[in-house]
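Colleague: I would like a close look at a single part of this model. Please keep to what can be computed from the atoms.

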Protein chains: 2
Amino acid sequence: MVKRTSLEGDACPIARALDVIGDWWSLLIVRDAFLGARRFGEFQKKLGLAKNILSARLRALIDRGILATAPASDGSAYHEYVLTPKGRGLFTVLVALRQWSEQFDDRPDEIGTLLVDRSKGKPVRPLALHSQDGRQLAADDTTLKPRPSARNVRRAPA
Amino acid sequence: MVKRTSLEGDACPIARALDVIGDWWSLLIVRDAFLGARRFGEFQKKLGLAKNILSARLRALIDRGILATAPASDGSAYHEYVLTPKGRGLFTVLVALRQWSEQFDDRPDEIGTLLVDRSKGKPVRPLALHSQDGRQLAADDTTLKPRPSARNVRRAPA
DNA sequence: GGCAATCGGTTTAATAATGCAACCACATGG
DNA sequence: CCATGTGGTTGCATTATTAAACCGATTGCC
């Protein structure tokens, strides 16, 4: 059996994330969910993808706990797809991707929208990584440390 | 011709980003580049992907300006793959994915590593989105605004 | 109530991407 | 030089993606 390799059991949290939302369409579906899409046809029209694929992706996103189905808010017999807390947690990922494009895209003039603070209408700040004491960190200022396995950890004295 | 749909011309910066790094392996290659991988065989061994695919991905990442080739730093006749500034710009995206897994993964105990501030050894802060005046913003506190097309924009008075 | 259109999919068949293994040229080490 | 390692390419089988046709249930409309 020569399947597409799964990263599900990988110890790297990035690989684990990509195993869930790392395919071609999933993040775009989540993006449109953030923009208010809720119904099957709404996603299909906005994304322009084949219905069978949308169907498969929605199912996968539900399985993974990113979307959930809910009764239609307009009272019809159909149902809607809504973001779970886990799905809403992807907002930062989407913003990071957006800001990366804004900063490095070769044709930035083709980018049509700007993410702004709703109350003031002003662009948001670029995401930045900080240490616990508030210093801004670049990639080189960080390392990976083996995670203390939750079990076998006796509360450290103070 | 029934090709995999390209998002290259899309006006959405997220779609444009995914067009470049939205496939199964690219971000993992970039991740390993951040972790110090430089040589073909190094990537292949760490990722465990087929060589032809690695070859194609590396080529694509170079075409898109995320990696570049450089003469081998150890003096051998082979060459190395190094991150460009555009590639290093993906650090925030990787961190966002990592933190999403850390927060929402169903089996967080399987995550093997922790991203820490190198100088203090302490975990970094979660990424958070802020307005220009420093307020922390949730998804609902933001909107998309049509971007002023660079041309036709007369400098706004003050 | 009847009927057409819409919604939310599934099925089918073609094309593209992925994965594995075999192969190959060049570099390097001894 | 000869054996091995590096960095790929090529061929073939398998899987994923796609467009298009189809289909039942729901809805809008008269």
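By class, how many nonpolar, polar and charged residues does the lining of the second largest pocket have?

Modeller: The lining of the second largest pocket has 17 nonpolar, six polar and five charged residues. Here Ala, Val, Leu, Ile, Met, Phe, Trp, Tyr, Cys and Pro count as nonpolar, Asp, Glu, Lys and Arg as charged, and the others, Gly among them, as polar. This is a predicted model, in which local features need pLDDT of at least 70, side-chain atom pairs count only at pLDDT 80 or more, and totals for chains, interfaces and linings use all residues. Residues are numbered from 1 along each chain as its sequence is written, chains are lettered from A and ligands numbered from 1 in the order in which they are written, and side-chain values use heavy atoms, with hydrogens and water left out.

The pocket has a volume of about 580 Å³. Of its 28 lining residues, A:Gly89, A:Thr92, B:Gln103, B:Phe104 and B:Leu127 are the closest to its centre. A pocket is an open set of points on a 1 Å grid over the protein atoms alone, with protein on both sides within 12 Å along at least five of seven lines; a cavity is a set where a 1.4 Å probe fits but cannot get out, and lining residues have an atom within 4 Å of a point. Points are joined across faces, edges and corners, and a volume is the space filled by probe spheres set on them.

Elements from both chains supply at least two residues each to this lining: helix H5 (85-88) and H6 of chain A, and helix H6 (91-104), strand E3 (113-117) and strand E5 (136-137) of chain B. H6(B) gives the most, with seven residues. Helices (H or I, at least four residues) and strands (E, at least two) are DSSP runs, numbered from the N terminus.

The two chains are related by a rotation of 180 degrees with 0.0 Å of shift along its axis, which superposes chain B on chain A with an RMSD of 0.0 Å. That is the relation of a two-fold axis. The superposition is by least squares on the C-alpha atoms of residues with pLDDT of at least 70 in both copies. The copies meet through the same surface, because 100% of the interface residues of chain B are also interface residues in chain A; contact means heavy atoms within 4.5 Å.

The largest cavity holds about 80 Å³, and the closest of its 13 lining residues to the centre are A:Leu18, A:Ile21, A:Gly22, A:Leu27 and B:Leu18.
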